Amino acid sequence: MSAYGHQMEREFSSQSLLSREDTESGSQYVLESGFYMKSFAATIFIAGLLIVGVLSVTLLVTLAVMLRSCESRSKGVVEIEKASDSYHYCKAFALHGELNSLEEPEIPPVCWNLAIHYIEGGEYERDLNFMISMIESFFDTISPSDNHLDAVLIDIDDILASNHTYTYQSMHQQQFNQYGSNKPSGSIEDAANLKHWRILELYVKLKSRGWSLILLSRKPERQRNVTAEQLKAVGFNGWSSLIMRSDSEMETETWEYFRRRRTAMKEGGTQIISVISSQLDALTGSSLGKRVFKLPKPLRYNTQTPTL
């Protein structure tokens with residue numbers, strides 16, 4: 001046999017041997033493309049594809065949730081900014097209203113809700129406690145003189161609110177009429193009671209330290225006896241003087257009325273140490289002493305107290 005024939009015979013024998021080995025083992029798959037893998041490797045390959053698919057779906061879901069969360073958070077920030085804008089607007093308007101003695105119809109409706117929230121949310125209580133602490137800290141640093149001419153002026157209309165005043169309760173009723181809200185007014189009443197007790201505690205403390213306490217009121221002189229009885233009934237006793245309006249002062253602007261009375265006190269030898277009030281008309285003008293303290297309050301605009 002020629003050399004070419006021997007070579008073909010060897011190649012044929014090798015192919016036959018390989019074919020027999022494949023048939024006997026049964027663990028390999030021959031593909032037309034020439035690629036083959038074992039059954040275990042094929043299983044791993046398919047499982048890998050499934051895992052990649054699951055991870056891709058999970059990633060898409062996670063991204064969707066994160067996107068929605070960011071949208072909600074952005075919406076919340078916008079709402080907070082809007083609420084903050086309204087708060088600062090109403091805070092500025094409150095000062096504007098006090099300076100110009102605005103009355104109830106001139107108050108923006110958006111400020112009614114915020115004024116109620118200012119009380120019910122506890123901000124009013126925190127502000128009141130902070131201011132009372134500031135007053136106490138100031139008086140911890142000084143003492144009354146031996147001549148007993150030093151005096152502290154306290155606005156009692158903060159305690160005995162006039163029926164002709166735009167108060168928390170009337171504002172709450174306006175909110176109910178406007179928005180159909182009927183929230184319990186207990187927290188508002190609690191705030192009023194808190195103010196009464198904190199001012200009373202301060203009053204008693206100052207009195208025990210020897211300070212002369214002069215009480216200021218916008219009410220007419222003819223109501224002196226009734227006002228004095230009301231003050232005693234709620235725990236205020238032993239004041240040095242109770243200042244009330246004469247008939248000729250009823251048409252005078254309240255800030256001017258207070259200024260004239262303070263000037264008269266000073267000319268009479270009284271040394272005013274401090275004036276305490278939640279209303280600017282009592283804290284405006286000359287002869288205000290060493291320190292003035294404005295107590296916090298929600299939106300509240302006073303009309304002139306009429307003659308009765």
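Which strands do the buried residues of α8 pack against? I looked this up in a predicted model, where local features need pLDDT of at least 70, side-chain atom pairs count only at pLDDT 80 or more, and totals for chains, interfaces and linings use all residues. Residues are numbered from 1 along each chain as its sequence is written, and side-chain values use heavy atoms, with hydrogens and water left out.

**Entry 1: helix α8**

I found that the buried residues of α8 pack against β1 (150–155), β2 (212–220), β3 (241–245) and β4 (271–277). Helices (H or I, at least four residues) and strands (E, at least two) are DSSP runs, numbered from the N terminus. I took contact to mean heavy atoms within 4.5 Å. The buried residues of α8 are Thr254, Glu256, Tyr257, Phe258, Arg262, Thr263 and Met265. Buried means under 20% relative accessible area, exposed over 50%, and partly exposed in between, with a 1.4 Å probe and protein chains only. α8 has 14 residues and spans 20 Å from its first C-alpha to its last, close to the expected 20 Å. That expected span is 1.5 Å times one less than the number of residues. After α8 comes Gly269, with a positive phi near 105°.

**Entry 2: Tyr257**

I then picked Tyr257, which sits in α8 (residues 254–267). Tyr257 is buried, with a relative accessible area of 1%. What does Tyr257 touch, leaving aside its neighbours within four places in sequence? I noted contacts with Ser217, Arg218, Ile243, Met244, Arg245, Glu249 and Thr252. A polar atom of the Tyr257 side chain lies 2.8 Å from the backbone oxygen of Ser217. The Tyr257 side chain also reaches the backbone nitrogen of Arg245 at 3.5 Å. From Tyr257 to Asp281 I read 24 residues in sequence and 9.1 Å in space, C-alpha to C-alpha.

**Entry 3: the sheet**

I traced five strands in an open sheet, ordered β3-β2-β1-β4-β5, with parallel pairing. β3 and β5 (291–294) stand at the edges with a single partner strand each, so one side of each has no neighbour in the sheet. The twist averages 20° from one strand to the next. β2 and β3 pair in the parallel sense over four bridges; two strands pair if DSSP finds at least two bridges between them. Leu215 has Leu242 in β3 as its bridge partner.

**Entry 4: helices on the sheet**

Helix α4 (residues 123–139) packs on the sheet, touching β1, β4 and β5, and its direction makes about 165° with that of β5. α8 lies across β1, β2, β3 and β4, at about 145° to β2. Axes are lines fitted to C-alpha atoms, for helices over the stretch in contact, and angles run from 0 to 180 degrees between N-to-C directions.

How values were computed. Polar contact = N/O pair within 3.5 Å; in protein donor to acceptor, adjacent residues only side chain to side chain.
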